[in-house]
Amino acid sequence: MLAGPFCGCLLADMGADVIKVESPEGDLMRAWPPMLDGYSQYFASVNRNKRSVALDLKNQTDLDAARKLALSADAIIENFRPGVMTKFGLDHVTLAREKPSLVYCSVSAFGQTGPRAREGGFDMTVQAMSGVMSVTGDADGRPAKCGIPIADFTAGLYAAFSVVSALYKAGHGGTGDHLDVSMLGAMLGIANLQTSELFGTGRDPVRLGSAHPMNAPYAAFRCHDGYFALAAGTDKLWQAACEGIARADLAQDARFATPSLRAQHQNELRELLETTFVKYDAAQLLKIFNERGVPCAPLNNYSQVLADPQVQHMQWVEDLALPNGVRTKTVVSPQRVSGTRLGVYRHPPALGQHTAEVLSEIGIKSNITSVR
């Protein structure tokens, strides 16, 4: 429900004309809170810069329009379970016969083939299956998922990258491709640290809280007024950190002589460091370590990070107008292109807002301007 729309959002942010085809009932995300006078803030966050067309694929006239629209496109992104698009004759095999250059991206939980292909999945269930929840949280805590829906968003990122790459190939004399992007595969694709540990040692990685399995000090540490994050991940940075808090004894301790040894003894190291850290507020420690070039950070909540001077300088938060007239804010694409910020040039659409407009562009007359 989120991976496909996020893929389309990324492409739209980069300037693609992304047409979101919805049923007359609308994308289910339109009903997800928080609701602002009946319009979903969550839906708006991944559907900016798109046009909305509402079609009932069970109606032959609308299905014919969907087929014509699909064949007018350079690329198609679909986020259904495998087999659904085939029922409507909108699958890759059918469309590619008529348009070999078509790039067709299928995003699903587990992939287009295999024993789990027809199973559904949400972000949390994929995090559980993929191993993410086995390494998330404290060692003695209940299973925990990552707070951000990383399976959804990572699959969307893989899909957008794949679409652009396939379009480049097709545009340089090649044929189109059917791209099979799965949430499970995406989670394994970014788990290099954990799979390397398994392949290299034969041991499954375990939960370490905020700590790192192969490096230390690299975690959140307690201080006088709460916690802060410290990543002194090299010998040089470790030496600088010890110097900053006047703990030369730790720098000379044989147990902590290398990154691997520090990771091996990181529980002891944490206790020793925190006996000093509790004498300082987080702001004092951040100043000490920043002055010495040691990576560190406050433990922000979202209101704090969005107020950070760097976020404000990069202008990553932008005003957003919803179709119902409510004004809100959204986080835009974070990258810049030749110094240009990628912002909102088309506000999130009402359901079916562009149906008549889009259909007229492919030669179909329609009096429908918006479903609701």
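A disulfide is counted here when a pair of cysteine sulfur atoms lies within 2.5 Å. A disulfide is a covalent bond between the sulfur atoms of two cysteines. The model is predicted, so local features need pLDDT of at least 70 and side-chain atom pairs count only at pLDDT 80 or more, while totals for chains, interfaces and linings use all residues. Residues are numbered from 1 along each chain as its sequence is written, and side-chain values use heavy atoms, with hydrogens and water left out.

A search of the whole structure finds zero disulfides. Cysteine 9 is in none, and the nearest cysteine sulfur, in cysteine 7, is 9.8 Å away. The sulfur of cysteine 223 is 11 Å from the closest cysteine sulfur, that of cysteine 296, which is too far for a bond. Cysteine 9 is buried at 1% relative accessible area, and cysteine 223 is buried at 4%. Buried means under 20% relative accessible area, exposed means over 50%, and partly exposed lies in between (1.4 Å probe, protein chains only).

Next comes helix α13, residues 266–277. Helices are DSSP runs of H or I with at least four residues, numbered from the N terminus. The expected span is 1.5 Å times one less than the number of residues. Gln266, Leu269, Leu273, Glu274, Thr276 and Phe277 are its buried residues. Seen down the axis of α13, they fall within an arc of 150 degrees (taken from the directions from the helix axis to the C-beta atoms), so they line one face of the helix. Asn267 and Glu271, on the other side, are exposed.

Conventions:
Helix = DSSP H or I, 4+ residues; strand = E, 2+ residues; numbered from the N terminus.
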